[in-house]
Amino acid sequence: MPSIAKPLVPLQHLQRNDLGLTVRDYEGAPSTLCGGCGHDSVTAALIEALFKLGIPPHKIAKLSGIGCSSKTPAYFVRGAHGFNSVHGRMATIATGANAANRELTYVGISGDGDSLSIGLGHLAHAIRRNINMLYVIENNGVYGLTKGQFSASADINSKSKKGEPNLLPPIDPIVMALSLGATFVARAFSGDKDRLIPILQAGLSHKGFALIDVISPCIQFNDHEGSTKSYLFTRQHEVTATDFVPPREEIVAAVPDEGAISVTMHDGTAMRFRAVPEGYDPTDRQAVARFVEDHRARGEVVTGLLYADDTVADLHDLNKTPAAALASVTYDRLCPGSDALVKLQASFR
Amino acid sequence: MTTLDTPQDLAATQVRVNDFAVKLANVNGTGSASANGLLMRAIFRMGIPVSGKNLFPSNIQGLPTWYEIRVNGSGWTARALDYDLMVAMNAQTYAADVTEVRSGGYVLYDSTWPLDAALARDDVTFLGVPLTQMCVEAFERPKERLLLKNICYAGVLVALLDIDIDVVATLVDETFAKNERLRESNQRALRMGYDYAREHLSCPLPFHLSAMDATRDSILIDGNTATALGCLYAGATVAAWYPITPSTSVMDNFTSLCRTHRRQAVHRPDGEIDYRNDYLIVQAEDELAALGMVLGANWNGARAFTATSGPGISLMNELLGFGYYTEIPAVLIDVQRTGPSTGMPTRTQQGDILACAYASHGDTKHLLLFPANPAECFDFAVRAFDLAERFQTPVIVLTDLDIGMNDWVVPSLTWDDAYLPDRGRVLTSADLDVMAEFHRFADEDADFVTPRTFPGEDSRGAYFVRGSGHDKYGGYTEIPDKYQEVVDRLALKHAAAAGHMPGPVVERRDRARIGVITVGSCDLAVREAAELLDATGLPVDVMRIRSFPFQAEVREFMAAHETCFVIEQNRDAQLRSLLVLETGVDQSKLKSVLVYGGFPLSAKHVVDGIRNSLGG
C-alpha cells in the first residue's frame, strides 16, 4: 500500500528476539503496491516469521524475479542484501548464490506469472536440485503490472475483470512440486496471517527447497465475482488440511499427543502436526497429491503444510562441498600452483 | 587407365623435409580419430612443429570426416589447402578427395577392392594397401577388424613419412597401458601396416620427416583444456553450463581437473573415506539458467563462469544486459561455431563478435577477449576473472572451434605463484566502520568503478540489486538525470577497461604501407600470409586485436596505414564493423578478406584475398 515511512523511534514497547532485535529491524522500504494487495500481507507475515526465528538480517538474502510480487523484497529486512533479477530467472540466481554461500538464509519471492509461465522450467529444476531456500509464490491468477491478463494458475472458466472466461487448465504448483520430488510443500492464504506465519517459519527452517504457494488476491484485477483467486472465493472454499506446531516453538500442553504426526527437522527440532484429517499423512507424497487433487476437483482450495521431508540431500550434500561457504575458501586452497602445472603438462607431451 | 599399386615418379618431386600436408578422409565413429591423433602426437614428439585439424561432422557415426596434418619446420602450421598425400579411407568421398591432392602428390587407398578407374588421375601416384584384407586375416572380431584398420594405415604412414616407429610404439604402449590385449593388437596392427609399406612401397616418400628439436619446451593441447586450466588456476569455484558443441569439453575438463586438484579426502568417524570438494559445477536446465547461476554466485563473492557457444549466447542476452547494468562480474567462454541459428555445430567461425560486443537490449557493451591459441586461452581465462571483478561486469572470452577442439603446439604453460586474484573494489565490515554511509553506485574511482559488498558480511553494506532504473545510490528511479548519471558512468567504465586489457600484437615490416588486421585463430594463417606476401614483394604490417574495447594502438595502426585489410571468419565483416563503429575510422580504408565456410583459415585464403583485392 502506498505509505509513508514509519518513525524510526518506536512509539510503543516492542518485543525483542534472541538477537535483541525488534520486528522493526526486519522491515524494509514502504510498499508501493495497491492498498489491500494480498502481497503486503505476505510481506508482513514474512517480517514476523523472520523476526520470530531470530535470523540476523545480514545473513538473509532476498531474491525475486519480475512482477508485483517481485517488488516486495524491497519491503522487508532492509539490512539484507536483495536481488531483484529478471523475469522468471530468480530460481537460477538463487541456485548460483546458494552454491557460492550456503551459510545464508535464502528467501525467494515470486508470482504465478514469474514462476508458472516464464520461469516454470527454472522452478522445476530448482525443486529437483533441492536448493536450500524458501520459495514463495504470491499467487493471484493474474498479471497485475500489465493490467489483468490471465496467468497460468487461473482456473478454467474463472472470469477476468471484463467478464471473459479463462479457457486453459491451470498449473497447480503444489501438485507439480510433489511430482518433481519437492521436499517441502505448503499452501496458505494471505488473508489468514495466523496460519501463514507458522508455515513461513517452517519453510525457513526446512533444509532444502520449501515451496509455499500463497493465494494472494489482486485487489485491482482479480478480486471480483467469477474469480477463483478472490478474497471471498478463497475464504468460502478454503479447506485447511493441516495445522501444526512450528519448529522451535514450545508445544503447548493443550495439544494431544495421540494421533499427532511429528516430522523431525534438520536441526533436530520436531514439527508436530495436529488437526490432521483422518488418514492424512504429510510424509506420504502420493496420498498428499491425491488429497489435493480430490479437493481441487470439488472446487476447494487446500491449505496448510501439506508435505515435508527434511532428510533429502540438498545441492551441497550431493556435491560434497565444504561446510562453510565456497566463496570463503581461500585462494591458496584453490590454486594448484606452478609445480602442479609443470607436472600435469606431462600428459600434454 | 590402370590403377597403380607401385609408386612411380609421375611428377618430378623434389625432396622436402618437414614441410608437407596430409589429409585423411575417414568415416566418423570408426576409430580413425585416435589413429590420426597418434600420428600427429608422434610428429610432435619428434620435435617437429605440426598441427592437426579435425574437420568433423555433427554426427556420432557414419558420416564423412577429415583430419589434416600439416608439418612445417618453420612453425607455419595453419591449415594447408594443397595436400601432398591423401589417405582415402572413405568410399563415399573418394571422388572429391582424390581431386584435392596436388599435382605430383599421392593417394593411399585400401586396395582390398579395386579402385574405380574413373577416379584415377595421371598426375598423382596411387598407393594401394589391402588394409581390410590384412585386418580380416589378422584379427578375429568384426569390431577389432574395423578399429585396427586405422592403426594399420597409421603404420603405413609411419613408413611412408619416416615417422619414428619407436616413438609411435611408445605412444601405443602409453595409450593402452591398462589393457594388455588392446596394447598387443594395436602394436600388431601398427607393425603390419609398417612392414607392408616397407616391403611393397618405396619408403619414405620424397616429402618426409626428420627429427628436430623445436618442440622441447612446448605442449600439445586444445584450447578448451587450456581454458579449463585457466579457470582452475584463477580460483573459480562455481561453474554452471548447458552442454553445447564445441564448448562442452571446457566443462568436461574443468570437472576432471577439479576432481584431481580440488578434492580432499575426509576421514569420517565411521572409518569410511569421504570427499570434500572445493568446487560446485551445475549442469543447468538451459543457458539462461547457466548465466543466472553464474551471476548469483559472483554476486555472492565466488568466482564463477560458464562455457557456451553462439546459440547459448543468444539465450543469455537478457541476463548479460542485467549483469552489465547491475554491475555483477561474470566470465563467459564462447567457443564460437558456425551460425546463424543451429548452423554447423562442428565447424568453426568468428560469427559472434557483434552479438557479444553489444549483447542484450538497451545500451550495453561488454568486455571481450580474443585468444588466438590455447596458450592464450589459459592466460586470458585467468585475466577474464580479474577483469570481471575489477570492472564488475561480464567478460566474454571468444575462442572458436578451431582453437577449442583442435590440438595445437604451444609453449608450455607457466604460472607465477605470486599471482593473487584481483577482486576489485570490495568493502568489508572494517571498511564500513569508517564510512558515513555506503551507496552501491557512488564513490567511483579513476576507472569509474564503485565499491561493492558481499551478502552475509554486514547489514550496513546491504543494497538492492535491480535491473530496473536506478540512481547512483542504488535506489529505484525514473528521473532522466539520475538514470543517465549511472548509464553514462557505465560507458566511461567500459572505455576505461581498454587500458587494462591485452593490447594488440603488432608485427611490422620495412616499407610496409598496407596494414593487415586480424583476430583470434586467424593469427597463424595471417602471419604466414604476411611472410609469403613479403617474399613476393608486398610487405605488410600485421595487427592482431586481442580485446574489446579497443586500445589507442588500434586507432594508431589504422591511422598509420593507407589501406588495412581486415581478415576474419564471418560473412558480415563483424570485426571491421566494430572497428568502424567504435573508432570512427574512415571505413573506405578498411577492406575485408572473409572466409566463413566453416573450416579453419589458410594463408592461401589470405594471400589470394589480398592479391585479388589489389588487382593481382
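Tutor: Residues are numbered from 1 along each chain as its sequence is written, while chains are lettered from A and ligands numbered from 1 in the order in which they are written. The model is predicted, so local features need pLDDT of at least 70, side-chain atom pairs count only at pLDDT 80 or more, and totals for chains, interfaces and linings use all residues.

Student: Why is Val77(A) called buried?

Tutor: A residue is buried if 20 or more other C-beta atoms, placed from the backbone, lie within 10 Å of its own, exposed if 12 or fewer, and partly exposed in between. Val77(A) has 28 C-beta neighbours inside 10 Å, so it counts as buried.

Student: What makes the phi of Val77(A) worth a look?

Tutor: Phi of Val77(A) is positive, near 40 degrees, and the residue is not a glycine. Most residues other than glycine have a negative phi.

Student: How do you know that Asn130(A) is buried?

Tutor: Asn130(A) has 23 C-beta neighbours inside 10 Å, and therefore counts as buried. Asn130(A) also has a positive phi, about 55 degrees.

Student: Where does Asn130(A) lie?

Tutor: In the loop between helix 5 (120–129) and strand 4 (133–139) of chain A. Helices (H or I, at least four residues) and strands (E, at least two) are DSSP runs, numbered from the N terminus.

Student: Which peptide bond at Pro204(B) is cis?

Tutor: The one from Cys203(B), with omega near -5 degrees. Another cis bond joins Phe548(B) and Pro549(B), with omega about 5 degrees. Most peptide bonds are trans.
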